[in-house]
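Thanks, everyone. Let me put the model up.

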Amino acid sequence: MTQNESFTQEQEAKAADSGANASARFRERMAASAAGGSVVDHERVNLLAGKAIKALNDIVIEEKVSYEEYNALKAWLIKVGEDGEWPLFLDVWLEHSVEEVVNEHREGSKGTIEGPYYVEDAPELPWNGTIPMREDEPGTPFLFKGQVRSVDGRPLPGAKLELWHADDLGFYSQFAPGLPEWNLRGTWVADEEGRYEIHTIRPAPYQIPTEGACGQLIAAAGWHAWRPAHLHFKVRAQDHQLITSQLYFPGDPHNDDDVASAVKPELLLDPQPNPDAEGEMTTYDFVLDPEA
Ligand code: MBD
Ligand code: FE
């Protein structure tokens with residue numbers, strides 16, 4: 001049994017905040033980028049909204065949906081908004097398809113979804129820095145090292161790697177309360193050969209909040225709420241396309257049935273005992289495509 005399966009009520013309440021906080025943070029980011037809702041032209045809205053509405057109507061007709069079911073849907077959709085869980089819902093059940101089509105032609109490293117818990121401007125650290133964490137941060141020490149290169153093999157000096165991940169109980173700073181602001185979030189600047197050496201801890205498997213609307217859907221459908229343990233990355237270098245990715249640990253029971261469908265075989269790490277220090281280490285190189 002992992003720690004997540006023995007959640008206390010207090011921990012459940014903390015997890016519930018995470019979904020709602022993601023809504024507020026997303027709204028702020030959209031306001032800052034001025035992209036909120038006005039950038040998609042009429043023709044595409046007509047096409048996409050039209051197709052989405054038709055797909056739902058087809059389901060109603062094919063499956064002979066009852067008024068009880070229709071009203072249950074209406075009540076649930078209202079609750080998703082009230083609980084602030086639209087970012088959670090969309091990132092868990094839709095973002096993976098967007099990521100797939102947008103990055104279809106990439107030659108470099110695979111990416112995957114960003115999810116709801118990214119925060120810009122995490123503290124900058126040297127190429128071999130230790131992630132901000134609490135003095136008594138629980139978890140196995142984890143050394144993650146590698147190199148950022150272009151698809152032609154050229155190292156990319158000064159590349160920036162942002163890493164964010166959950167703590168040993170599955171909580172993200174700035175979304176669950178009671179954690180230092182930048183806990184387990186940082187930005188590493190690669191050295192003159194594009195190399196980095198990140199000192200952190202291994203994250204725990206993660207259960208999406210179960211007490212809100214998304215959890216209600218999962219329970220009602222008889223699904224599960226688990227994501228495998230994962231590290232989130234954004235990697236950028238001059239004149240190259242940004243990669244948003246996640247990396248996973250072999251043997252995690254949820255690598256094959258991630259609730260967010262965001263695991264790819266290329267994203268599995270191979271951690272080994274660290275011969276020079278306590279804990280584990282692994283290497284992983286990021287290969288970036290040049291800007292289109
Ligand atoms: C996460 O930590 C996450 O990465 C995704 C995709 C959805 C919910 C929580
Ligand atoms: Fe995550």
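This is a predicted model, so to speak of local features we need pLDDT of at least 70, side-chain atom pairs count only at pLDDT 80 or more, and totals for chains, interfaces and linings use all residues. Residues are numbered from 1 along each chain as its sequence is written, chains are lettered from A and ligands numbered from 1 in the order in which they are written, and side-chain values use heavy atoms, with hydrogens and water left out.

Strands first. Strands here are DSSP runs of E, at least two residues, numbered from the N terminus. β8 covers residues 230-236, and six of its seven residues are buried, meaning under 20% relative accessible area with a 1.4 Å probe, protein chains only.

β8 pairs with β3, residues 160-164, in the antiparallel sense over five bridges; pairing requires at least two DSSP bridges between the strands. β8 is also joined to β9, residues 243-248, by six bridges, again antiparallel. Phe233 takes part in both pairings: Phe233 is the bridge partner of Leu163, and Ser245 in β9 is the bridge partner of Phe233.

β8 and β9 make a hairpin with six residues between them, and Asp239 in the turn has a positive phi of about 60°.

Now the lysine. Lys264 sits in the loop between β9 and β10, the latter being 272-273. What does Lys264 contact, leaving aside neighbours within four places in sequence? Glu99, Lys110, Gly111 and Thr112, where contact means heavy atoms within 4.5 Å. A polar atom of the Lys264 side chain lies 2.7 Å from the backbone oxygen of Gly111.

Methods: Buried means under 20% relative accessible area, exposed over 50%, partly exposed in between (1.4 Å probe, protein chains only). Helices (H or I, at least four residues) and strands (E, at least two) are DSSP runs, numbered from the N terminus. A polar contact is a pair of N or O atoms within 3.5 Å; within protein, one must be able to donate a hydrogen and the other to accept it, and residues adjacent in sequence count only if both atoms are side-chain atoms.
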